[in-house]
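Hi everyone, thanks for making the time.

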Amino acid sequence: MKKIQISPSILSADFSQLGNEIEKLEKCGADMIHVDVMDGHFVPNLTIGPPVIKALKKYSSLIFDVHLMISPVHKYIEAYSDAGADIITIHPEATDNLKSSILKIKELNKKVGVSLNPKTKTDVIIDFLDQIDLVLIMSVNPGFGGQKFMPEVLDKIRELKKIQNNKKLNFDIEIDGGINFENSQMAIEAGANILVSGTTIFKSNDGDIKKNIELLKSK
Ligand code: DX5
Ligand code: ZN
């Protein structure tokens, strides 16, 4: 059984204080930092790019779990690797050749993540499961924090877990979107071992980040 890890999404952090917010997350027990990169094209929102990630790296020694919601993604992979991304997660719809984009990330010695939107089926990635380190299951349509959790994606996690056990593979299963104190346990029981959360961590319990991370882990 893999250790349950919490990857707070800084999309819900105070963007005028991102360095301090990241420092706080590490002090409050986060296992990694989920950095949502949005280009206003693949998703209808725009956030940060390589220069900001590079600047943020000095505020924490935690793994930067970088979620690239950008397309086309292939030609930008190296820039995010150089900026300090440790896990680079891409969407299959954002590349012409998923195999070569996965290879590119591996060549750069980074961990490879592939993200499935709520409507995207697992068969898109079945053939690559032995080459990737992480599957990111979206439980909201990507683009914004604070959206409502879509429980139907839990079946996708259960399906992936079965395949993982049958093929004796070891990729992480991360769930992202609308994770809160009511659904985190369901996500873990379905097979997720990394929980992304933005709103719940930064806004619940008067913004008591340490308490919110502990509650998500322990639920
Ligand atoms: C949405 C992002 C998520 C989001 C999670 O496109 O990928 O990481 O920020 O935020 P909450 O936990 O508020 O849904
Ligand atoms: Zn994300």
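Before I name any helix, a word on how they are assigned: helices here are DSSP runs of H or I with at least four residues, numbered from the N terminus. And please keep in mind that this is a predicted model.

With that in hand, let's start in helix α5, which spans residues 154-167. Asp155 and Arg158 both sit in this helix, three residues apart, so about one turn of the helix separates them. They form a salt bridge, with the closest N and O atoms 2.6 Å apart. Arg158 is partly exposed, at a relative accessible area of 38%.

Now over to helix α1, residues 18-27, where Glu21 and Lys24 are again three residues apart, about one turn. Their side chains meet in a salt bridge too, at 3.1 Å from N to O. What about burial here? Glu21 has 9% relative accessibility and counts as buried, because the cut-off for buried is under 20%. Lys24, at 38%, counts as partly exposed.

My next pair links distant parts of the chain: Asp172 is in strand β7 (residues 172-176), while Lys2 is in the segment before β1 (5-8), 170 residues apart. Asp172 and Lys2 form a salt bridge, their closest N and O atoms lying 2.8 Å apart. Asp172 is buried at 13% relative accessibility, whereas Lys2 is partly exposed at 26%.

Finally, there is a network of salt bridges linking Lys3, Asp31 and Lys217. And how many salt bridges are there in total? The count comes to eight. Thanks, folks, over to you!

Conventions: Residues are numbered from 1 along each chain as its sequence is written. Chains are lettered from A and ligands numbered from 1 in the order in which they are written. This is a predicted model: local features need pLDDT of at least 70, side-chain atom pairs count only at pLDDT 80 or more; totals for chains, interfaces and linings use all residues. Side-chain values use heavy atoms; hydrogens and water are left out. A salt bridge is a side-chain nitrogen of Lys or Arg within 4 Å of a carboxyl oxygen of Asp or Glu. Helices (H or I, at least four residues) and strands (E, at least two) are DSSP runs, numbered from the N terminus. Buried means under 20% relative accessible area, exposed over 50%, partly exposed in between (1.4 Å probe, protein chains only).
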